[in-house]
There are 2 protein chains.
Amino acid sequence: MELVDKVLRGDEGSAARLISMIEEGRDEGYEAISLLFPYTGKAHVIGVTGAPGAGKSTIVDKLAISFGRQGGKVGIIAVDPTSAKGSGAFLGDRLRMRNAEKLEGVFIRSMAHRGFPGGIAKATLGAAYVLEGLGKDVILIESVGSGQTEIQISMICDSVVTVLTPDYGDEIQLMKAGLLEIGDIVVMNKTDRPGAVEAAKDIEFYLMSHKKQHWQIPVLTVEAIQGKGVEDLIAALKLHRTYTVENSQGSSKKKENIKRLVLAIFKEEFWGETLKKIQDKAMFDDIFQQLQNSTIDPYKAVRMVMDLALPTE
Amino acid sequence: MELVDKVLRGDEGSAARLISMIEEGRDEGYEAISLLFPYTGKAHVIGVTGAPGAGKSTIVDKLAISFGRQGGKVGIIAVDPTSAKGSGAFLGDRLRMRNAEKLEGVFIRSMAHRGFPGGIAKATLGAAYVLEGLGKDVILIESVGSGQTEIQISMICDSVVTVLTPDYGDEIQLMKAGLLEIGDIVVMNKTDRPGAVEAAKDIEFYLMSHKKQHWQIPVLTVEAIQGKGVEDLIAALKLHRTYTVENSQGSSKKKENIKRLVLAIFKEEFWGETLKKIQDKAMFDDIFQQLQNSTIDPYKAVRMVMDLALPTE
């Protein structure tokens, strides 16, 4: 396929076109991925996640610059799963701001939630393959950190960095449990603020007593805007990379992740098929009419729709 | 059913037990809801959402106290969908902190994600019915604000408050689009911080040019810890309540929401059934073996699982 050849030769325009094809759910896009697939699997795919305002974009930019200085070929995927509509322009703004920060030679792609067939994680997976086909050896994926979509996106990544700030207060308690699910490295950003060192120590102590297999999640203090701590973060990322490649538990986690992701994508597609089928049945509208008249409760409605969907035996 | 009678007579212990039954997905729990259902639909169910650290808990507590002073009977549901395991203790900590704040007479219930059959939104819906059965006329649901689960939880609510702080920086751009999806009222909290008034004005301007049907989303400035702006928030909530009850567009939105929620719950349950069925087939393991050997790419794996799930015609 000509498009694939062009991507493999490093043509950015072709890469952008191919990612759009995958976003639109076009068969040609998936055929192209099948052809690209044998050339992938060697790049370091890094997820950067955290709540809004934690400083993810700044960290991603600083990482891109530092990896670039060390000779890495860097690609960035900025994922925004929070809004269904109209966010294109906002992402556009963010990208323009980034370009102004002189991330020269870095291929940046935004992925907004536009009701992709199969969801945003499916398209992001494809975009990561395309960036690797393009010759990138470090791929940074930035996404807002909570909810099912983000957990799926973390499954695409070899290493996941969770960015926190001292502002989160007692909700850090809740996040600590989540970190063990998806994070490999914790960054406490904005360490110039009061309480940052204490908050970092607190999380470190928690993680020490809740070890994740053989990998001890490190907690790094960073002041991203000043670039402080970014080199330590890169060192930690490289260490984690070595762990995932050389350690059997690290590599089995990666295999488990890709299985979970395939099931998640399948779930969305299968749901689309199911909904199409049951919506055509006369009973479907009737159930919701009864619900809206309050003659049945929502749980009863669920059971009635279930009966509609399951094949009669 | 005796349990239902006890709940209707205001017995909190029975209410707690019934919510646990719904969490566990037990049939008795849903039967009880069918019996409670005719007694519901009159409480004002208010969702409070926003990123970690935005101050949701403080706002919920202040609202509970103020509604209580005005004679309202208040219940609180604290939802934590971010972590799958081990978060029970953390929620416990939060609740203890709350109790210390003297929310006397307020029934508080935490809902943590423990792989409920049908997801956390399903259990939260049931908890809201139980609280109303218990005699609460204001039900406050607090949840972390992004991802599919939170959108579902917002569908349970009559009014949704989105809490922002000036710290979010350019990510507020992204949130603005999301607000139109789920928020009815925007609160800019921590207005003692620099940039707060400007950020509030900025969002107000955006929302004025992106009107949501006939309801103009107000932007309120609040300093929750000091209690500043809480009375204005209550006034705005009451105004929105009137809108949803009296305006046909307001009430049709509510009906649409409950339909979407039923479909979301059905989706999770149907998925559970589907997965059980296809996992038993010999081909299922074979597909993932091929995926892990990299002889097929993930998209090919999705198509193969799909063929396995769809009935052959």
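These exercises work through helices, strands and confidence values in a predicted model.

**Exercise 1. Confidence**

Task: Find which elements of chain A have the lowest and the highest mean pLDDT.

Solution: 
- Start with the chain. Chain A has a mean pLDDT of 84, and 84% of its residues reach 70 or more.
- Go to the elements. Helix α5 (residues 88-100) of chain A has the lowest mean, 48. Helix α1 (residues 2-8) of chain A has the highest, 96.
- The pLDDT is below 50 over residues 83-93 of chain A. Beyond near neighbours in sequence, this stretch has 23 contacts in the model.
- Finish with the complex. The predictor gives an ipTM of 0.80 and a pTM of 0.73.

**Exercise 2. The buried side of a helix**

Task: List the buried residues of helix α3 (residues 27-36) of chain B. Then explain why they lie on the same side.

Solution: 
- Apply the cut-off: a residue is buried if 20 or more other C-beta atoms lie within 10 Å of its own.
- In α3(B), G29(B), A32(B), I33(B) and L36(B) are the buried residues.
- Recall the helix geometry. With 3.6 residues a turn, residues three or four places apart point the same way.
- Identify the cover. It includes α13 (298-309) of chain A, and also α1 (2-8), α2 (12-23) and α6 (120-133) of chain B.

**Exercise 3. The sheet of chain B**

Task: Give the strand order of the sheet in chain B, and name its edge strands.

Solution: 
- The sheet is open and has 7 strands, in the order β3-β2-β4-β1-β5-β6-β7 (chain B). The pairing is parallel.
- The edges are β3 and β7 (219-221) of chain B, since each pairs on one side only.
- From one strand to the next, the twist averages 20°.
- Look at the β7 end. Strand β6 (residues 185-188) of chain B pairs with β7(B) in the parallel sense over 3 bridges. There, V187(B) has L220(B) as its bridge partner.
- Helix α10 (residues 230-246) of chain B lies across β1, β5, β6 and β7 of chain B. This helix runs at about 170° to β6(B).

**Exercise 4. A covered strand in chain B**

Task: State how many residues of strand β2 (residues 74-80) of chain B are buried, and find the partners of the strand.

Solution: 
- Count: 7 of its 7 residues are buried.
- Take one neighbour. β2(B) pairs with strand β4 (residues 138-144) of chain B in the parallel sense, over 6 bridges. A78(B) stands opposite E142(B).
- Take the other. Strand β3 (residues 107-112) of chain B runs parallel to β2(B), joined by 6 bridges. V79(B) stands opposite M111(B).

**Exercise 5. A covered strand in chain A**

Task: Repeat the analysis for strand β5 (residues 159-164) of chain A.

Solution: 
- Count: 6 of its 6 residues are buried.
- S159(A), V161(A) and V163(A) lie on one face; V160(A), T162(A) and L164(A) lie on the other.
- Strand β1 (residues 44-50) of chain A pairs with β5(A) in parallel over 5 bridges. I46(A) has S159(A) as its bridge partner.
- Strand β6 (residues 185-188) of chain A is joined to β5(A) by 4 bridges, also parallel. V163(A) stands opposite V187(A).

Note on methods. Residues numbered from 1 in each chain as written. Chains lettered and ligands numbered in written order. Predicted model: local features only at pLDDT ≥ 70, side-chain atom pairs only at ≥ 80, totals over all residues. Buried ≥ 20, exposed ≤ 12 C-beta atoms within 10 Å, placed from the backbone. Helix = DSSP H or I, 4+ residues; strand = E, 2+ residues; numbered from the N terminus. Arc of directions from axis to C-beta. Contact = placed C-beta atoms within 7 Å. Pairing = 2+ DSSP bridges. pLDDT = per-residue confidence, 0-100. Axes fitted to C-alpha atoms, helices over the stretch in contact; angles between N-to-C directions.
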